[in-house]
Amino acid sequence: MIAEDEREFNYEQGSERGPTRWGEIRPEWSACSNGTMQSPIDLLDQRVEVVSKLERIKTNYKPSNATLKNRGHDMMLKWKSGDAGYIEINGTQYFLQQCHWHSPSEHTINGNKFDLELHAVHESQTGEVVVIGIIYQIGESDSFLSSIEDHLDAVSDTEEQTVIGAVDPKKIRIGSRRYYKYIGSLTVPPCTQNVVWIIAKQVRTVTREQVSHLRVAVHDDSDTNARPTQQINGRSVKLYSEEEENEDD
């Protein structure tokens with residue numbers, strides 16, 4: 001079950017409700033403390049297996065009505081299940097459910113944190129979850145975030161969700177010819193495991209104002225909503241790469 005509301009926990013290190021204590025807040029959140037396949041992780045070059053044959057991720061997204069909800073520590077943009085299309089991996093369709101943002105990034109690359117990370121959550125008809133992660137550094141504005149900024153302001157002081165009309169997930173620009181893939185977990189309670197993570201290697205850009213906008217809008221008095229990196233515990237991490245092809249195809 002993916003959290004619809006995040007007010008029971010926080011991101012303050014050392015707090016009774018902080019990341020190291022999430023598994024103690026509710027019995028059904030125990031995986032946050034004792035799970036062995038937790039996310040996020042550090043994508044360290046030395047432990048990554050490079051795979052030159054790309055495992056193609058087919059995207060079939062379409063504009064669909066979306067709602068924006070302040071979950072307590074992040075803003076969630078949610079589509080009605082199935083309406084916004086899907087990705088297809090090895091013949092299985094995973095339908096786009098929602099996307100949300102963490103700052104700074106939750107996944108790190110060779111120990112380096114970035115300024116923002118978007119998670120696009122997909123689910124198959126049998127309940128398997130695939131999350132596509134996109135990492136951003138400060139630079140040019142992100143056009144997808146620009147397109148919903150007015151709506152962020154509208155829901156910043158409310159716990160209600162607001163219908164914002166048709167949103168085209170293609171504008172997130174998920175496509176990448178190089179990506180990391182590993183098996184992990186949700187990065188918020190209940191920290192459910194066996195989640196397939198696909199992290200685009202290409203780092204995109206976002207303005208400092210856009211990152212600040214996302215944090216200020218939720219009013220949680222925290223500078224961050226990023227869970228610390230977790231132990232790898234011998235998991236396989238692959239980097240799928242087709243260097244010669246265009247990144248954005």
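Author: C32 and C191 are joined by a disulfide, with an S to S distance of 2.1 Å (a disulfide being a pair of cysteine sulfur atoms within 2.5 Å). This is a predicted model, in which local features need pLDDT of at least 70, side-chain atom pairs count only at pLDDT 80 or more, and totals for chains, interfaces and linings use all residues. Residues are numbered from 1 along each chain as its sequence is written, and side-chain values use heavy atoms, with hydrogens and water left out.

Reader: Which parts of the chain does the pair link?

Author: Distant ones: C32 lies in helix 2 (residues 31-34) and C191 in the loop between strand 12 (178-185) and strand 13 (193-200), 159 residues apart. Helices (H or I, at least four residues) and strands (E, at least two) are DSSP runs, numbered from the N terminus.

Reader: And what is the handedness of the disulfide?

Author: The torsion about the S-S bond of C32 and C191 is about 95°, so the disulfide is right-handed.

Reader: Is C191 buried or exposed?

Author: C191 is buried, at 0% relative accessibility; buried means under 20% relative accessible area, exposed over 50%, and partly exposed in between (1.4 Å probe, protein chains only). C32 is also buried, at 6%.

Reader: Turning to the chain, how many helices and strands are there?

Author: The chain has four helices and 15 strands.

Reader: What share of the residues is buried?

Author: Of the 249 residues in the chain, 53% are buried.
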